[in-house]
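Please work through the exercises below with the sequence and the three-dimensional structure at hand.

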Amino acid sequence: MMKLLLGLALMTLCAVAHGKSYEGYQVFTITPKSKAQLEQMHEMMDQLDFWRTGPVGEPSQVMIPATDVEYVKEALEAAQLEFEVHINNVQSLIDEETKAIMSREKATTLATFDYNKYHSYQEIMDWVTNFRKAESSSALFIQEINVATSYEGRQIKALKLTTGSGRLGAYTQGGIHAREWVSPATVINLLKKFVDAFKAGDSVATNFFNKFDWYVIPSLNVDGYHHTRPEASNTDRMWRKNRQPTYTSSCTGIDMNRNYGYKWGGDGSSGYPCYETYAGESAYDAVELNQVTNWLLGLKNGGQQFKIHMDVHSYSQYWVYPYSYTYSSSAKVPDLADLERVAKASVAKLTAVHGKSYQTMTSGDWYPAAGASEDFGYKILGAKYSYTVEMRDTGYYGFELPENQIQPCGEETYAGFREMFRQVLLEV
Ligand code: 0X9
Ligand code: ZN
């Protein structure tokens with residue numbers, strides 16, 4: 001009997017632990033006091049995995065491999081950088097999450113889809129189809145589009161929501177970074193909430209769908225996302241990039257939020273395939289991004305005039321506007337005043353819902369990210385209101401955000417988006 005129990009315990013363990021182990025990995029919170037300290041921190045740690053990059057005076061968070069913990073501590077002390085160990089063992093958080101996921105049934109129908117849970121790639125794709133079938137109507141037509149096929153052969157699906165022809169364009173994407181699970185979950189919740197609001201006669205949702213076609217990709221980096229999930233054969237919960245091999249190294253994956261074509265390869269992106277911010281060998285060489293951007297530009301060339309481009313990430317609770325490519329505050333977008341005003345109004349509404357504070361940000365205040373989506377949306381797609389939004393939290397749980405925060409996060413983000421739509425509608 002004892003043997004059997006032991007065997008069963010081992011089997012359960014094997015079903016769970018079959019990928020990259022984060023045993024002994026720690027997350028440090030570091031708060032640089034000056035720009036010099038901030039730069040020093042980046043120089044010291046550019047090969048490490050930043051979970052959060054804060055501006056001067058605010059916490060940054062870095063994950064340190066078990067083998068480097070002591071060395072990094074000493075280096076930080078020597079540099080007089082203030083830090084604390086925030087997560088003592090990353091793997092124990094992952095284990096808890098994995099257990100919960102593996103113990104429940106997969107959702108294959110709309111009725112069994114729980115909007116308060118994180119879902120597998122397959123469940124998300126099934127949701128896209130089931131939601132379209134259930135909600136498409138003569139008042140609001142919903143179309144499912146197979147936008148792209150990933151490196152590993154998965155479908156990347158979009159939904160187009162439209163009330164007729166001759167509309168302006170709005171675009172929203174989630175999940176460009178694999179480990180940011182609350183991003184696809186939030187985008188799914190946004191779709192549900194806006195469709196419900198439209199059906200209930202909400203004035204903003206009604207005006208929005210009467211003026212705009214809304215294109216939405218809930219999960220863009222589908223291979224990366226699958227790789228972070230316990231269903232994957234060789235899972236890595238903290239994977240960020242896509243999953244295509246690189247030419248020059250045995251390291252895998254391109255950071256697709258450094259692979260866009262505007263000022264590609266500049267500050268805040270890396271030429272080294274082993275880095276988390278690897279920009280690729282050339283702009284748009286990431287298989288998935290290449291197809292998604294071609295699709296968007298095809299729509300634009302076909303006459304769809306985009307006004308809104310939203311990229312949903314986590315975490316930090318920021319509402320970010322272009323330019324993203326440079327620190328220099330002299331590089332200002334011509335529409336800065338409007339972008340700032342609408343960002344502030346949106347954040348005010350968002351914050352009011354649950355009292356969580358969100359901040360507006362731009363690269364000048366934060367950090368540069370050349371080749372990121374904001375600049376593509378603004379400069380190449382031509383969408384005046386191009387934002388990156390960073391969802392919950394500010395770093396207590398980070399990427400391990402508990403599922404009971406999905407709904408409040410969706411509610412506040414909905415309020416932020418609704419206000420943003422309302423503001424944009426005032427000028428179209
Ligand atoms: O670095 C990124 O790609 C985004 N943050 S994340 O933690 N989700 O990876 C932010 C890019 C935003 N752009 C600017 N820095 N302006
Ligand atoms: Zn991200």
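The model is predicted: local features need pLDDT of at least 70, side-chain atom pairs count only at pLDDT 80 or more, and totals for chains, interfaces and linings use all residues. Residues are numbered from 1 along each chain as its sequence is written, ligands are numbered from 1 in the order in which they are written, and side-chain values use heavy atoms, without hydrogens and water.

**Exercise 1.** Identify the donors of the zinc ion (ligand 2) and their spacing along the chain.

*Solution.* Step 1: donors are N, O and S atoms within 2.8 Å of the metal (3.2 Å for Na, K and Ca); water is not among the atoms, so sites may look incomplete. Step 2: at 2.0 to 2.4 Å, the zinc ion is coordinated by ND1 of His 177, ND1 of His 313 and two OE atoms of Glu 180. Step 3: the spacing of these donors is H-x2-E-x132-H. His 177 lies in the loop between strand E7 (168–174) and helix H6 (182–199), whereas His 313 belongs to strand E9 (residues 306–314), 136 residues apart. Helices (H or I, at least four residues) and strands (E, at least two) are DSSP runs, numbered from the N terminus. Step 4: both His 177 and His 313 are buried, that is, under 20% relative accessible area with a 1.4 Å probe and protein chains only (exposed is over 50%, partly exposed in between).

**Exercise 2.** Describe the largest nonpolar core.

*Solution.* Step 1: such a core is a set of buried Ala, Val, Leu, Ile, Met, Phe, Trp, Tyr and Cys residues joined through side-chain atoms within 4.5 Å. Step 2: the largest has 92 residues, and those with the most contacts inside it include Leu 161, Trp 214 and Tyr 387. Its largest share, 10 residues, comes from H6. Step 3: a second, separate core of 14 residues includes Ile 30 and Leu 76.

**Exercise 3.** Why is strand E12 (residues 385–391) described as largely enclosed?

*Solution.* Step 1: seven of its seven residues are buried, so the rest of the structure largely encloses E12. Step 2: Tyr 385, Tyr 387, Val 389 and Met 391 point one way, and Ser 386, Thr 388 and Glu 390 the other. Step 3: strands pair if DSSP finds at least two bridges between them. E9 and E12 run parallel, joined by seven bridges; E12 and strand E10 (residues 318–321) run antiparallel, joined by three. Thr 388 is the bridge partner of Asp 311 and of Val 320.
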